[in-house]
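Please look at the sequence and the structure below before reading on.

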Amino acid sequence: MASRYDRAITVFSPDGHLFQVEYAQEAVKKGSTAVGIRGTNIVVLGVEKKSVAKLQDERTVRKICALDDHVCMAFAVLTIFVGLTADARVVINRARVECQSHKLTVEDPVTVEYITRFIATLKQKYTQSNGRRPFGISALIVGFDDDGIPRLYQTDPSGTYHAWKANAIGRSAKTVREFLEKNYTEDAIASDSEAIKLAIKALLEVVQSGGKNIELAIIRRNQPLKMFSAKEVELYVTEIEKEKEEAEKKKSKKSV
Amino acid sequence: MAATFFGEVVKAPCRAGTEDDEEEEEEEEEEGRRETPEDREVRQQLARKREVRLLRRQTKTSLEVSLLEKYPCSKFIIAIGNNAVAFLSSFVMNSGVWEEVGCAKLWNEWCRTTDTTHLSSSEAFCVFYHLKSNPSVFLCQCSCYVAEDQQYQWLEKVFGSCPRKNMQITILTCRHVTDYKTSESTGSLPSPFLKALKTQNFKDSACCPLLEQPNIVHDLPAAVLSYCQVWKIPAVLYLCYTDVMKLDLITVEAFKPILSTRTLKGLVKNIPQSTEILKKLMTTNEIQSNIYT
């Protein structure tokens with residue numbers, strides 16, 4: 001059924017599908033899982049690190065990127081793209097240039113919503129031109145605005161963007177999102193460390209080899225961005241495992 | 001032209017051939033009569049290359065009769081595809097001592113290896129095992145693609161031309177969720193999810209909902225199920241629709257409801273240990289690709 005209407009991006013099918021855009025969304029599902037959480041005073045981005053080949057330099061495989069870093073106020077806009085790596089690189093470059101151009105023109109750093117809108121508009125343009133294909137990437141964009149409110153936005157290959165309290169993209173995103181829907185409560189994000197733990201717990205649902213394959217970054221209000229080292233992630237993972245054991249012990253005591 | 005299940009009109013492919021083919025066929029026949037001995041030789045070589053051979057792994061000699069004619073069988077569990085194979089390896093094969101009885105070697109254009117003489121355990125095409133404590137329970141791990149022209153040979157070599165009816169067959173396989181035809185959008189489907197299809201003689205209930213129309217089963221699982229239906233053998237196919245076709249933990253765990261069925265209940269013992277084995281399988285099989293971040 002789809003084969004007559006999925007060859008060109010600019011052709012709608014009779015029932016209103018743009019198949020190339022939907023196929024681009026499938027490409028996103030091939031990337032590793034990423035999760036973003038908006039806390040009260042913190043935003044957290046976590047991603048599953050794919051194992052690097054032996055001879056490959058790990059530094060070139062960074063997934064969480066800063067789009068803008070305003071030195072005076074020490075906040076930044078962080079993003080993670082999931083899907084085709086090359087497409088992600090191109091979009092990140094354009095977004096970074098736009099951040100600086102905005103700063104030079106209006107002398108104010110971009111708001112998270114502005115840069116998200118810019119990225120989404122760029123993606124939408126590619127769904128309406130002939131001869132080009134859509135970007136096969138979804139993005140999670142986090143940051144603090146001037147007013148100190150934390151923000152989390154998600155974009156997808158069709159060029160739509162939405163604000164979220166917590167979201168996941170990539171492989172098994174549905175499982176992670178269901179976990180977040182169950183566990184994102186006011187208590188869970190009450191403190192910074194609880195929000196971080198929620199992000200790690202969500203990723204552990206689908207990451208196959210535990211804490212050493214998780215890359216994590218946070219921004220706290222009025223503080224510079226912080227990338228977690230593997231050891232710091234491990235510390236949180238051990239804490240989570242301890243809490244789990246204690247919860248199970250309590251459960252078995254209650255049932256006895 | 002035909003109307004599909006959901007109302008759109010599409011051109012249905014006709015297996016009887018289209019009207020245009022008739023003229024071409026006549027010309028082809030004339031040319032066919034002029035087939036040279038070289039053409040015949042090439043065709044025969046290709047047929048020999050694509051032959052399905054059933055071998056005893058240790059001795060590497062061919063089995064003279066079909067597998068199930070040689071060994072009596074009460075239960076046969078077939079896993080087709082890497083996720084189904086991983087499920088059986090971690091949940092069923094570690095709960096007992098399984099002995100290898102043979103393997104099926106075949107070649108087709110989809111095969112990644114060209115060397116069919118030395119099979120490593122990770123590349124073995126179709127390996128057959130039986131349970132040492134109950135030799136009538138068989139297991140097949142099929143991780144290769146069996147092409148359409150080879151499926152009949154595979155069935156003949158495994159089941160034989162006149163199979164016994166007192167055995168129960170269980171087939172496990174995976175399919176990409178985009179192949180699942182439904183009026184809902186694929187984004188709202190709870191993938192991975194399990195669907196079942198059974199033959200008329202399978203009297204037990206399946207542990208998951210049955211596969212609805214207009215979905216169909218493809219490839220070797222379809223061939224085995226059709227064979228069982230024709231020969232009135234009770235068989236059930238468990239099909240897992242997933243959005244990750246490579247080896248994936250969540251897809252393999254989607255097969256777990258099958259552990260409670262009558263066929264597998266007695267065969268599975270250590271479930272926590274199985275999860276550990278599964279995790280190990282995942283890490284050793286990770287293929288690094290830099291295209292997707």
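## Two helices of chain A

In this predicted model, helix α2 (residues 85–106) of chain A packs against helix α3 (residues 112–125) of chain A at an angle of about 135°, and their axes are 10 Å apart. Angles over 145 degrees would count as roughly antiparallel and those from 65 to 115 as roughly perpendicular, and α2(A) and α3(A) are therefore oblique to each other. Their crossing is right-handed.

On the side of α2(A), the contact is formed by A:V91, A:R94, A:A95, A:E98, A:C99 and A:H102, while α3(A) contributes A:Y114, A:I115, A:F118, A:I119 and A:L122. Sorted by kind, the residues of this contact comprise eight nonpolar, one polar and two charged.

## A covered strand of chain B

Strand β10 (residues 235–242) of chain B is mostly covered, with eight of its eight residues buried. In a regular strand, side chains alternate between the two faces of the sheet. In β10(B), B:A235, B:L237, B:L239 and B:Y241 point one way, whereas B:V236, B:Y238, B:C240 and B:T242 point the other way, and all of these residues are buried.

## The partners of that strand

Strand β8 (residues 168–176) of chain B runs parallel to β10(B), and eight bridges join the two; within this pairing, B:I169 has B:A235 as its bridge partner.

Strand β9 (residues 193–198) of chain B, by contrast, pairs with β10(B) in the antiparallel sense, over six bridges. Here B:A196 stands opposite B:Y238 of β10(B), and B:Y238 is itself among the buried residues of the strand.

Key: Residues numbered from 1 in each chain as written. Chains lettered and ligands numbered in written order. Predicted model: local features only at pLDDT ≥ 70, side-chain atom pairs only at ≥ 80, totals over all residues. Heavy atoms only, no water. Buried < 20%, exposed > 50% of the residue type's maximum accessible area, 1.4 Å probe, protein only. Helix = DSSP H or I, 4+ residues; strand = E, 2+ residues; numbered from the N terminus. Pairing = 2+ DSSP bridges. Axes fitted to C-alpha atoms, helices over the stretch in contact; angles between N-to-C directions. Parallel < 35°, antiparallel > 145°, perpendicular 65-115°, else oblique. Left-handed = near helix turned anticlockwise from the far one by under 90°. Contact = heavy atoms within 4.5 Å. Nonpolar A, V, L, I, M, F, W, Y, C, P; charged D, E, K, R; others polar.
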